[in-house]
Amino acid sequence: MRRTVLASLMMLAAGLAAAHTVWPERPVENPLARYALGPSARFGFTGRVEERLSAGSYLYLRVRDAAGAGHWVATLTSTASATADVDVQIFARAEDFHSRRLGRDFSPLLFGTVRSRAPETR
């Protein structure tokens, strides 16, 4: 009986140690919640994608707008446009953002949706 209790305690300790690595004590912070813009501060623009950096489920895009300014925009890889001409809707902005996955700093970094630009009709 004593061996069974000891074995059970050892299994429980191993399970708790494994759970700690899977579920850390501190939750990962959601950058979208931290840097969210208020509804009146959100904005959009059209532009052309000049550079793409993949970072897991996120895609960092350098987009040049119609006025010639360049912007770094983070978006979900699964919903990002594969075309060069895009419509961008921004809902969050970080003045200084460090991507651990890319090992790179962005100042500023915009967060939003990036969709293929609809063809212009005349």
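The model is predicted: local features need pLDDT of at least 70 and side-chain atom pairs count only at pLDDT 80 or more, while totals for chains, interfaces and linings use all residues. Residues are numbered from 1 along each chain as its sequence is written, and side-chain values use heavy atoms, with hydrogens and water left out. Helices (H or I, at least four residues) and strands (E, at least two) are DSSP runs, numbered from the N terminus.

**Aromatic pairs**

- The structure holds 6 aromatic pairs; rings of Phe, Tyr and Trp (its six-membered ring) pair if their centres lie within 6.5 Å, with planes under 30 degrees apart counted as stacked, over 60 as edge-to-face and the rest as tilted.
- One of these pairs joins Tyr35 and Phe97 in an edge-to-face arrangement, at 6.2 Å centre to centre and 75° between the planes.
- This pair links distant parts of the chain, 62 residues apart: Tyr35 lies in the loop between helix H2 (31-34) and strand E1 (43-55), and Phe97 lies in strand E5 (residues 97-99).
- Tyr35 counts as buried at 15% relative accessibility, and Phe97 is buried with a relative accessible area of 15%; buried means under 20% relative accessible area, exposed over 50% and partly exposed in between (1.4 Å probe, protein chains only).
- Phe97 also forms an edge-to-face pair with Phe111, at 5.5 Å centre to centre and 80° between the planes.
- Phe97 lies in strand E5 and Phe111 in strand E7 (residues 109-116), so this pair ties together parts that are 14 residues apart in sequence.
- Both Phe97 and Phe111 are buried.
- Tyr35, Phe97 and Phe111 are linked into a cluster by ring pairs.

**Strand pairing and hairpins**

- E1 and E2 pair in the antiparallel sense over 8 bridges; two strands pair if DSSP finds at least two bridges between them.
- Within this pairing, Glu51 stands opposite Arg62 in E2.
- The hairpin of E1 and E2 has 2 residues between the strands, and Gly56 takes a positive phi near 65° there.
- E2 and strand E3 (residues 70-76) pair in the antiparallel sense over 7 bridges, with Tyr60 opposite Ala74 in E3.
- The hairpin of E2 and E3 has 4 residues between the strands, and Gly68 in its turn has a positive phi of about 100°.

- Most residues other than glycine have a negative phi, and most peptide bonds are trans.
- The peptide bond from Ser107 to Pro108 is cis, with omega near -5°.
- Pro108 is placed in the loop between strand E6 (104-106) and E7.

- Ser57 is found in the loop between E1 and strand E2 (58-65) and is partly exposed, with a relative accessible area of 47%.
- Leaving aside neighbours within four places in sequence, Ser57 is in contact (heavy atoms within 4.5 Å) with Thr75, Leu76 and Thr77.
- Ser57 and Leu76 are 19 residues apart in sequence and 5.9 Å apart in space, C-alpha to C-alpha.
- Thr75 is in strand E3 and counts as buried at 4% relative accessibility.
- A polar atom of the Thr75 side chain lies 2.8 Å from the backbone oxygen of Gly112.

Note on methods
Polar contact = N/O pair within 3.5 Å; in protein donor to acceptor, adjacent residues only side chain to side chain.
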